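This briefing is meant for a reader meeting the structure for the first time. Please look through the sequence and the model before turning to the points below.

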Amino acid sequence: MGRLIDLNSDTGESFGVWSLGDDRGVLAHVTSTNIACGFHAGDPQVMLATVRSAKEQCVAVGAHPGYRDLAGFGRRSMTCTPDEVYADCLYQIGALVAVCTAEGIPLCHVKPHGALYNQSAGSQKLADAVAAAISAVNPALIMVGLAGTAHETAARKAKLLFAAEAFADRAYCADGSLVPRSQEGAVLHDPLVIAARAVRMVTQGTVVSIDGTQLSLHPDTICVHGDTPEAVAIAAAVSRALKKAEVEVRPLREVLRV
C-alpha cells in the first residue's frame, strides 16, 4: 500500500437562518468531516442535515466540540476550567453520537475547534480534559490534534488512537503553532498554493513557516476549512493534487490501519 492521507473539513457551521459554507460541495472532495455541535456553531437541525449529507457521500463523521461562544465562532480564548471543558465536550460529543445513531452511522473521531483546539494544544490539563471526555463516550474514538503537543500526550495517556493533523490553508509559526487569525497572512486562499502545500506535507513531510523556517511534520490527516469563500475550490484542488502525486486519499481509520 502506498502513501495514504485523510482529508478533513469542518462543516455544519450554519445556525438557524444564517448559512455558512457549502457543506455539500466540500463533502464531495473530503474523506472525513468535523461537524459543529451547537456551541460555537451549528444547531440540531444543521447537525442532522450535515450527518445525512456526510452519510450520503460516504464521508466519515467526527465531532467538532468548541467553546460556548456563538458570537465569536469559538475562536476567542476563554478561561474555562478542565472540569468545564470535560463537561462541555461530553455534552457536545454525546449530542452528535445521538444524531449518528439515529442515522445508522458511527461517530469516528473528535477534533476540538478553534480556541479550544489551540489552548488545549498548549495546556496539558485542558488536553487531558478533552481526551477524558472522548474516552468516556467511546474509547474507540480517534482524537485528532496537533502532533507533538499536549494533544498527542493526552491521547496516549487516555489510551486513545491519535491522528496528527496538518493545516493546508493555515500559516505556521516557526514553533509549529498556527499563526493567529488576527495576523495578516494567517489564512491562505489560493487553491493551487494550498494544494501544493498539502502535497509537500505528505510527500516530503515538511511545511515552510511564515518566516521561512522549514518545519517537519508527518500528518495522518490534512484540514481544509469549510468556512472560507474558496472552500470547495480548495478541497477539490487539494484532492486532485494529492491523487496526481499518487497519494491515496482515504478515511482516517484506513490511514491509521484500524
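In this predicted model, Lys-111 forms a salt bridge with Glu-165, and their closest N and O atoms are 2.7 Å apart. The pair links distant parts of the chain, with Lys-111 in the loop between β4 (107-110) and α4 (114-122) and Glu-165 in strand β6 (residues 161-167), 54 residues apart. Both Lys-111 and Glu-165 are buried.

**Salt bridges**

- The count of salt bridges comes to 10, and among them is the pair of Arg-68 and Asp-88, whose closest N and O atoms are 3.3 Å apart.
- This pair, too, links distant parts of the chain, since Arg-68 belongs to the loop between β3 and α3 (82-103) while Asp-88 belongs to helix α3, 20 residues apart.
- Arg-68 is exposed, with a relative accessible area of 56%, whereas Asp-88, at 10% relative accessibility, counts as buried.
- Another salt bridge is formed by Asp-128 with Lys-157, and here the closest N and O atoms are 2.8 Å apart.
- Asp-128 sits in helix α5 and Lys-157 in helix α6, so that the pair links distant parts of the chain, 29 residues apart.
- Asp-128 counts as partly exposed at 24% relative accessibility, while Lys-157 is exposed, with a relative accessible area of 51%.

**Helix packing**

- Helix α5 (residues 124-137) packs with helix α6 (residues 150-157) at an angle of about 45°, and their axes are 8 Å apart.
- The two helices, α5 and α6, are therefore oblique to each other, and α5 passes α6 in a right-handed crossing.

**Positive phi values**

- Most residues other than glycine have a negative phi.
- Cys-58, although it is not a glycine, has a positive phi of about 60°; Cys-58 is placed in the loop between α2 (44-56) and β3 (60-64), and at 68% relative accessibility Cys-58 counts as exposed.
- Glu-246, also a residue other than glycine, has a positive phi near 65°; Glu-246 is found in the loop between α8 (231-244) and β10 (248-249), and it counts as exposed at 65% relative accessibility.

**Nonpolar surface patch**

- A nonpolar patch on the surface is formed by Phe-15, Val-17, Trp-18 and Leu-70, which together have about 460 Å² of accessible area.
- Of these residues, Trp-18 lies in the loop between β1 (4-11) and α1 (23-27), and at 62% relative accessibility Trp-18 counts as exposed.

Methods: Residues are numbered from 1 along each chain as its sequence is written. This is a predicted model: local features need pLDDT of at least 70, side-chain atom pairs count only at pLDDT 80 or more; totals for chains, interfaces and linings use all residues. Side-chain values use heavy atoms; hydrogens and water are left out. Patches are made of residues with over 30% relative accessible area and no salt bridge: like charges are joined within 9 Å, nonpolar side chains (Val, Leu, Ile, Met, Phe, Trp, Tyr) within 5 Å. Accessible areas come from the Shrake-Rupley method with a 1.4 Å probe; for residues, only the protein chains shown count as cover. A salt bridge is a side-chain nitrogen of Lys or Arg within 4 Å of a carboxyl oxygen of Asp or Glu. Helices (H or I, at least four residues) and strands (E, at least two) are DSSP runs, numbered from the N terminus. Buried means under 20% relative accessible area, exposed over 50%, partly exposed in between (1.4 Å probe, protein chains only). Axes are lines fitted to C-alpha atoms, for helices over the stretch in contact, and angles run from 0 to 180 degrees between N-to-C directions. Angles under 35 degrees count as roughly parallel, over 145 as roughly antiparallel, 65 to 115 as roughly perpendicular and the rest as oblique. A crossing is left-handed if the near helix is turned anticlockwise from the far one by less than a right angle, and right-handed if clockwise.
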